[in-house]
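Here is a report on the side-chain packing and backbone details of one model. Keep the coordinates open while reading.

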Amino acid sequence: MAADRNDPPKSIASRPLRGLMGMVIGALFAASGFLVLAYGEARMNQGAAVSRSLNANEQTARFGAQVTATGALDAVRPAIDPLLRGDFVYVQRIVETCVWIESPGKTDAAPPVYKKRWVRDVPDSRQFKVRGHDNPGRTSGKEGSTLAMSGETFGEGLLIEKRLLRDPIVVLGAETLAPSRTDVQGARLVQEQWAYLASSTECKDGGAGVGDQRVGFRVLRKGDLVTAFGVLRGAHIEAPQGATVLLTKGSRLALVDAVNHTRSPYAWLFRGGGGLLLWIGLSMFLGPLVQLVAWIPLLGGFARGAARLATLGIALLITLGVVYEGYGLGLVQRLTIGP
């Protein structure tokens with residue numbers, strides 16, 4: 001039986017269905033973009049979690065809430081560093097060694113240039129192009145090396161206003177110590193924040209020898225005003241899921257500033273990817289509506305251009321809202337970082 005002439009072609013009849021599917025897919029893309037943005041901020045930018053946590057000094061926090069606590073630092077037992085004398089709660093030892101550094105010559109045909117420098121990581125002199133510039137330690141193949149190493153030491157039982165801090169703990173801000181010769185075991189000279197286990201403060205010809213070292217320290221003491229961030233568990237502050245307890249010298253604002261300076265570089269990948277997904281999703285969602293007027297010569301072109309600008313603007317506003325205002329981060333933080 002012949003089809004009725006009034007029946008619309010199948011391609012035309014299926015357009016509403018395709019339009020509806022496009023809107024559904026667009027909504028899923030937009031929702032995915034928002035989740036990518038929020039997840040990136042929650043996982044890659046702990047500053048968002050810290051700034052939105054409860055201030056335990058001013059607010060009553062429930063068990064399991066993310067909080068900051070500010071107060072005087074204390075410890076059941078002090079930190080013990082083998083090189084530093086004194087009563088400290090936390091010590092970060094920073095060590096630099098006077099070593100040979102290989103640099104390219106002025107031209108490709110010129111031999112490499114070797115100069116002595118203070119560095120934290122000793123280059124492997126076995127990889128040098130010219131022999132005779134041996135650095136100390138395992139990298140030179142010499143045995144019996146007694147190089148001091150960088151590291152950090154915590155006291156046992158760290159407390160803030162009678163709240164016990166549970167490991168793992170990361171210190172983001174501490175005092176840079178200006179030591180005296182008597183503070184550092186083996187120190188021969190002291191200059192500003194460095195104690196030199198060397199005969200000279202200069203690492204160059206006629207100065208300190210290859211393998212000589214200088215050490216610096218960043219410390220926290222008993223009684224220092226500090227702020228910690230973590231999850232409140234009764235009288236304990238513990239690390240959020242998949243993260244660490246954050247500690248810095250100073251106020252809550254100092255901790256937020258310190259965390260923002262340690263933001264992961266991958267945060268921008270989540271921001272860019274999430275914003276792009278948002279734009280694509282919103283464009284797909286509005287696409288069927290634009291098609292309704294696309295056949296009109298002038299109005300159709302204007303509508304398409306306006307839709308692109310509108311979706312781009314909305315995607316940009318949502319991205320900025322998540323990044324700078326934290327809209328919608330609460331749920332994502334609870335799911336990805338912890339309660």
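Lys162 is found in the loop between strand E6 (156-160) and strand E7 (163-165). Helices (H or I, at least four residues) and strands (E, at least two) are DSSP runs, numbered from the N terminus. Phi of Lys162 is near 70 degrees, a positive value in a residue other than glycine. Lys162 counts as exposed because its relative accessibility is 78%. The classes are: buried, under 20% relative accessible area; exposed, over 50%; partly exposed, in between (1.4 Å probe, protein chains only).

This is a predicted model: local features need pLDDT of at least 70, side-chain atom pairs count only at pLDDT 80 or more, and totals for chains, interfaces and linings use all residues. Residues are numbered from 1 along each chain as its sequence is written, and side-chain values use heavy atoms, with hydrogens and water left out.

Glu192 also has a positive phi, near 55 degrees, and is not a glycine. Its loop runs between strand E10 (189-191) and E11. Glu192 is exposed, with a relative accessible area of 64%. Another backbone feature is the cis peptide bond that joins Asp167 and Pro168, with omega about 0 degrees. Pro168 is in the loop between E7 and E8.

**Nonpolar cores**

A nonpolar core is a set of buried Ala, Val, Leu, Ile, Met, Phe, Trp, Tyr and Cys residues joined through side-chain atoms within 4.5 Å. The largest has 21 residues. Leu158, Ile160, Leu165, Leu220 and Leu247 have the most contacts inside it. Two or more residues come from each of strands E2 (66-77), E6 (156-160), E8 (169-173), E13 (225-233) and E15 (245-249). E2 gives the most, with 4 residues.

What does Leu165 touch, not counting residues up to four places away in sequence? Its partners are Leu158, Ile160, Ala228, Ile237 and Leu247. Contact here means heavy atoms within 4.5 Å. A second, separate core has 14 residues, including Leu83, Ala148, Ala187 and Ala195.

**Helix H4**

In helix H4 (residues 252-260), the buried residues are Arg252, Leu255, Val256, Ala258 and Val259. They lie on the same side of H4, because they cover an arc of only 165 degrees around the axis. The arc is that of the directions from the helix axis to the C-beta atoms. These buried residues pack against helix H3 (46-51) and strand E1 (54-55), as well as E2, E8, E13 and E15.

**Aromatic rings**

Rings of Phe, Tyr and Trp (its six-membered ring) pair if their centres lie within 6.5 Å; planes under 30 degrees apart count as stacked, over 60 as edge-to-face and the rest as tilted. The count comes to 4 aromatic pairs. Two of them are tabulated.

| Pair | Centre distance | Plane angle | Class |
|---|---|---|---|
| Tyr39 and Phe270 | 5.8 Å | 45 degrees | tilted |
| Trp118 and Tyr196 | 5.7 Å | 65 degrees | edge-to-face |

Tyr39 in helix H2 (residues 15-44) and Phe270 in helix H5 (residues 267-291) are 231 residues apart. Tyr39 is partly exposed at 35% relative accessibility, and Phe270 is partly exposed at 22%. Trp118 in strand E4 (residues 113-119) and Tyr196 in strand E11 (residues 194-197) are 78 residues apart. Both Trp118 and Tyr196 are buried.

Charges over rings come next. The criterion is NZ of Lys or CZ of Arg within 6 Å of the ring centre and within 35 degrees of the ring normal. Arg214 lies over the face of Trp194, 4.3 Å from the ring centre. The charged end of Arg271 sits over the ring of Trp268, at 4.4 Å from its centre.
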